[in-house]
Amino acid sequence: MTKIYFGCDEIPRHWEQYFALCNAIELDLEQLDNLPKRETLNGWRVKSPRGFAFILRVDRSVEAELIKSAGADSSELSEGLHQGLEATLQRASALAARALLIRTPLSFSPGQTERRLLEKLGERLAEKFSRPVIWEASGPWDTEFTRQWAAERGLTYAYDPFLAIRDEIGFLHGDGAFVLSERAGLRREFDRYDVRRLLDNLGSYNRAFFMLRGRFKWEYARVFGEFLGYGD
């Protein structure tokens with residue numbers, strides 16, 4: 001049976017209220033005024049319910065160094081990137097993170113250098129982190145090809161699942177990662193029928209991570225919880 005994690009991208013003021021709504025959180029520590037100490041991260045882990053998933057975004061230096069190397073047409077992972085990974089892995093250990101998240105911008109296009117950098121990054125993380133490494137790209141990466149290419153290199157490609165359904169792109173096996181925000185067209189919010197249809201397509205996955213964003217994320221979380229029997 002597929003284990004489904006769903007969570008928002010905002011750190012709440014009261015963890016208890018958040019834990020009652022979601023079973024995961026997309027955690028970008030560098031959005032905070034000060035990076036939490038290891039003791040603080042340990043405290044968050046201890047407070048969280050059993051099975052709760054922290055999806056930890058990598059240290060921003062990792063993403064910055066990827067972009068820098070690609071701009072210099074270098075396919076080697078820099079020392080700064082390695083340092084950022086070590087900092088990330090220490091935080092991930094304190095949180096017992098279920099997944100890491102890497103985001104690349106529009107400028108990080110699907111060229112040979114970028115692919116080689118991602119391949120080496122996947123190899124490096126495979127040595128250090130035994131759980132999913134989610135990669136979300138803003139560049140013109142073809143979803144159907146890229147997600148299989150990424151999976152073969154230890155990365156879980158994140159994409160909009162409704163666009164995949166619209167384009168008749170079938171779902172894969174193993175781990176899946178999805179970004180759910182606002183839909184295109186006149187009706188901006190996904191409804192219960194949409195979410196039910198989506199969940200019915202996930203039977204081939206072992207784990208599926210849903211990152212809920214945008215104006216309607218809290219409503220999406222309530223719908224996911226309703227269908228999955230989570231929360232109050």
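A crossing of two helices is called left-handed if the near helix is turned anticlockwise from the far one by less than a right angle, and right-handed if clockwise. By that convention α8 passes α9 in a right-handed crossing, where helices (DSSP runs of H or I, at least four residues) and strands (E, at least two) are numbered from the N terminus. This is a predicted model, in which local features need pLDDT of at least 70 and side-chain atom pairs count only at pLDDT 80 or more, while totals for chains, interfaces and linings use all residues. Residues are numbered from 1 along each chain as its sequence is written, and side-chain values use heavy atoms, with hydrogens and water left out.

**Helices α8 and α9**

- The axes of α8 (residues 192-199) and α9 (residues 217-228) come within 10 Å and cross at roughly 55°, an axis being a line fitted to C-alpha atoms, for helices over the stretch in contact, with angles running from 0 to 180 degrees between N-to-C directions.
- The two helices α8 and α9 are therefore oblique to each other, since angles under 35 degrees count as roughly parallel, over 145 as roughly antiparallel, 65 to 115 as roughly perpendicular and the rest as oblique.
- On the α8 side, Arg192, Val195, Arg196, Leu198 and Leu199 meet Glu219, Val223, Phe224, Glu226, Phe227 and Leu228 of α9, contact meaning heavy atoms within 4.5 Å.
- Sorted by class, this contact of α8 with α9 has seven nonpolar, no polar and four charged residues, where Ala, Val, Leu, Ile, Met, Phe, Trp, Tyr, Cys and Pro count as nonpolar, Asp, Glu, Lys and Arg as charged, and the others, Gly among them, as polar.

**The largest pocket**

- The largest pocket has a volume of about 300 Å³; a pocket, on a 1 Å grid over the protein atoms alone, is an open set of points with protein on both sides within 12 Å along at least five of seven lines, and lining residues have an atom within 4 Å of a point.
- Of the 21 residues that line this pocket, Ala151, Gly154, Leu155, Thr156 and Asp175 are the closest to its centre.
- The largest share of the pocket lining, four residues, comes from β7.

**The largest cavity**

- The structure holds one cavity of 30 Å³ or more, a cavity being a set of grid points where a 1.4 Å probe fits but cannot get out, and a volume being the space filled by probe spheres set on points joined across faces, edges and corners.
- The lining of the largest cavity consists of His82, Leu85, Glu86, Leu89, Arg124, Leu125 and Lys128, and α4 gives the largest share, four residues.
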